[in-house]
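Hi everyone, thanks for making time this morning. Let me put the structure up on the screen, and then we can walk through a few spots together.

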Amino acid sequence: MTRSYISPKSKQVISDEMQLVLLFFTISITMLFLTYGFLKLKIYTFEESVVRIETKKVELKNSTLKMQHQIRIIEQESDRAEKVVTENSVLKESVKNLFDLVPDRITLSEVELNKNSLVMKGTTPSKEVYEFLLQAPLRSIFNNTYTSFYQAQNGWLSFVSTNTLDDEELLK
Amino acid sequence: MILSKIMHGLYLKIYISIVASSTKTHVSIHTLKGNKIKDTRVKVFEGEELSQNMLSFIHSFTSESPFSYISFLDYSLHQGAVPTCKVEEFLKSSHKDIYTTLCYDSWSSYTSKIDLGMLEKKYSSLGLDFIFSPFCIIENFFKDKITMQATLYVLIQDENISIAVFENSKLKYAEFADIKNDKLESELMLGDEKAELNFDDDQMSVNLEDIDVDDAFSDLDDLTNIQDLDSMDEFEDFTEIKVGDKETKQDLVNTKDEEHSAGFNEEYKRFNAIKNALKTYYTDEKYENNFIESVYIATACDVDNSLKNYLEEELFLKVYVRQVDISTEVFDLAKREKI
């Protein structure tokens with residue numbers, strides 16, 4: 001319980017000038033800390049974005065590699081397809097040529113076309129017809145031609161012609 | 001809050017107590033480290049004005065610590081204490097606004113707002129922190145006694161006297177009187193002003209018809225102690241004035257007045273103040289009164305034994321006199337204030 005008619009005046013531990021200096025330093029230090037904090041935050045967000053970009057870069061790199069791989073596969077497939085198409089067209093041409101070779105008097109019952117061989121089965125009215133009309137062009141295409149004949153029921157001759165190409169011829 | 005406590009712990013606390021009268025000012029300085037008194041200095045300055053010496057003396061200590069507190073003992077003539085916290089019950093309604101009051105548990109002290117303002121203004125260069133009522137000094141100094149039955153407590157200072165009646169730690173009555181007061185002085189100067197001693201330059205005589213002897217000596221009716229009258233040779237000397245020349249008469253009157261004043265007069269004035277206070281306490285219906293058997297006197301100045309004799313022989317009181325160092329008491333009060 002107070003016994004005094006008046007209240008004590010507030011006591012200043014620090015003088016006004018000192019208070020001003022301290023205030024200045026406090027504001028400066030606060031600003032420094034705020035700047036430091038701001039920069040720290042910026043650095044953190046920058047690092048975060050760097051990590052994110054790095055991850056994205058890796059992902060993109062992986063994706064590029066994957067795509068390159070896919071492109072390679074597609075190119076290979078394309079090449080293969082082109083090759084197949086070429087081969088097919090060659091084959092088609094060959095088959096067409098082959099069938100063009102076959103005279104009307106000879107009937108083919110089976111044709112087996114392999115990479116370096118052609119096996120034809122059919123019927124011919126006679127051995128001479130075969131030799132003159134079909135064997136001669138076959139000999140000009142294939143290196144080796146073997147033909148075997150056997151008698152068919154209708155009086156014609158069935159034949160099996162096996163024609164092969166040498167490896168050297170194939171490489172050409 | 002914690003910072004404040006740390007700061008208080010780091011610095012010294014300096015309590016400066018100022019007790020002023022019209023002739024001198026006591027300045028005491030207590031330096032505290034924590035709760036321990038580290039140093040105490042006392043210096044008395046002439047006069048009551050705030051002199052340059054006093055200022056530099058005080059500033060030499062206040063500059064040591066920011067936590068320096070200046071306490072002052074109120075010496076306003078317009079102060080007192082009442083046995084209630086409702087001061088308006090005791091003071092006239094017109095007076096209510098001119099006093100600053102302070103309520104304690106069951107009693108209040110009051111002082112003039114104007115005097116308080118003037119005091120603060122006078123010491124504005126120092127900046128007062130606490131102003132205490134002398135009744136608080138009484139309460140604090142006699143704290144081990146006021147718990148008793150109704151007892152009279154008196155604080156005597158050079159120029160004033162504070163009188164209080166406490167019963168069971170409760171104030172029952174209080175009075176503040178200035179013993180240097182002109183009114184009282186004139187009453188006790190044997191009515192010399194009323195006598196109007198007219199010394200005529202030409203006639204060099206005294207108009208005895210103007211001297212109202214009955215009125216002048218009326219106060220002496222209170223002096224029943226015949227021994228005290230032995231010192232009052234003035235009555236015989238006074239007659240000599242009639243036959244002397246002007247200078248002799250004047251010197252005689254002045255010399256005798258001074259002796260009168262300095263002699264038993266001061267003690268008589270104090271006695272008179274106590275007697276009047278007791279009379280008011282017993283007769284005024286505002287106060288709850290009980291019979292007072294003893295009086296405790298705390299005196300801050302040299303008091304003649306005659307006061308004790310007056311009180312014992314005239315008022316039949318048991319008198320106990322203690323010396324008090326008021327500035328220490330003021331420091332004690334200031335120390336207990338919440339800062």
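Let's start at B:E48, which is partly exposed because its relative accessible area is 23%, between the 20% and 50% cut-offs. Please keep in mind that this is a predicted model. B:E48 makes a salt bridge with B:K122, with 3.3 Å between the closest N and O atoms.

Another pair in chain B is B:R322 with B:D144, whose side chains meet in a salt bridge at 3.5 Å, N to O. Here the separation is 178 residues, from strand β13 to the loop between α6 and β9. B:R322 has a relative accessible area of 27%, and B:D144 has 47%, so both fall in the partly exposed range.

Now, how many salt bridges are there over all chains? The count is 9. Between chain B and chain A there are 2.

While we're on helix α6, which spans residues 134-141, have a look at B:N140. Is B:N140 buried or exposed? With a relative accessible area of 4%, B:N140 is buried. Apart from its neighbours within four places in sequence, B:N140 contacts B:E329, B:D332, B:L333 and B:R336.

Stepping back to the interface, 30 residues of chain B touch 12 residues of chain A. Together the two chains bury about 1800 Å², with 62% of that on carbon and sulfur atoms. On the chain B side, B:L102, B:D129 and B:E337 supply 27% of the buried area, more than any other three residues.

Over on chain A, there is a nonpolar surface patch of about 830 Å² accessible area, including A:F24, A:F25 and A:I29. A:I29 sits in helix α1, residues 16-101, and is partly exposed at 42% relative accessibility.

Last, confidence. The model has an ipTM of 0.74 and a pTM of 0.59. Chain B averages a pLDDT of 78, with 73% of its residues at 70 or above. Residues 184-253 of chain B are below 50, though. Where pLDDT is low, the predicted coordinates should not be read in detail.

How values were computed. Residues numbered from 1 in each chain as written. Chains lettered and ligands numbered in written order. Predicted model: local features only at pLDDT ≥ 70, side-chain atom pairs only at ≥ 80, totals over all residues. Heavy atoms only, no water. pLDDT = per-residue confidence, 0-100. Contact = heavy atoms within 4.5 Å. Helix = DSSP H or I, 4+ residues; strand = E, 2+ residues; numbered from the N terminus. Buried < 20%, exposed > 50% of the residue type's maximum accessible area, 1.4 Å probe, protein only. Patch = residues over 30% accessible without salt bridge, like charges linked within 9 Å, V, L, I, M, F, W, Y side chains within 5 Å. Areas by Shrake-Rupley, 256 points an atom, 1.4 Å probe, with all protein chains shown as cover. Salt bridge = Lys/Arg side-chain N within 4 Å of Asp/Glu carboxyl O. Buried area = accessible area lost by both parts, 1.4 Å probe.
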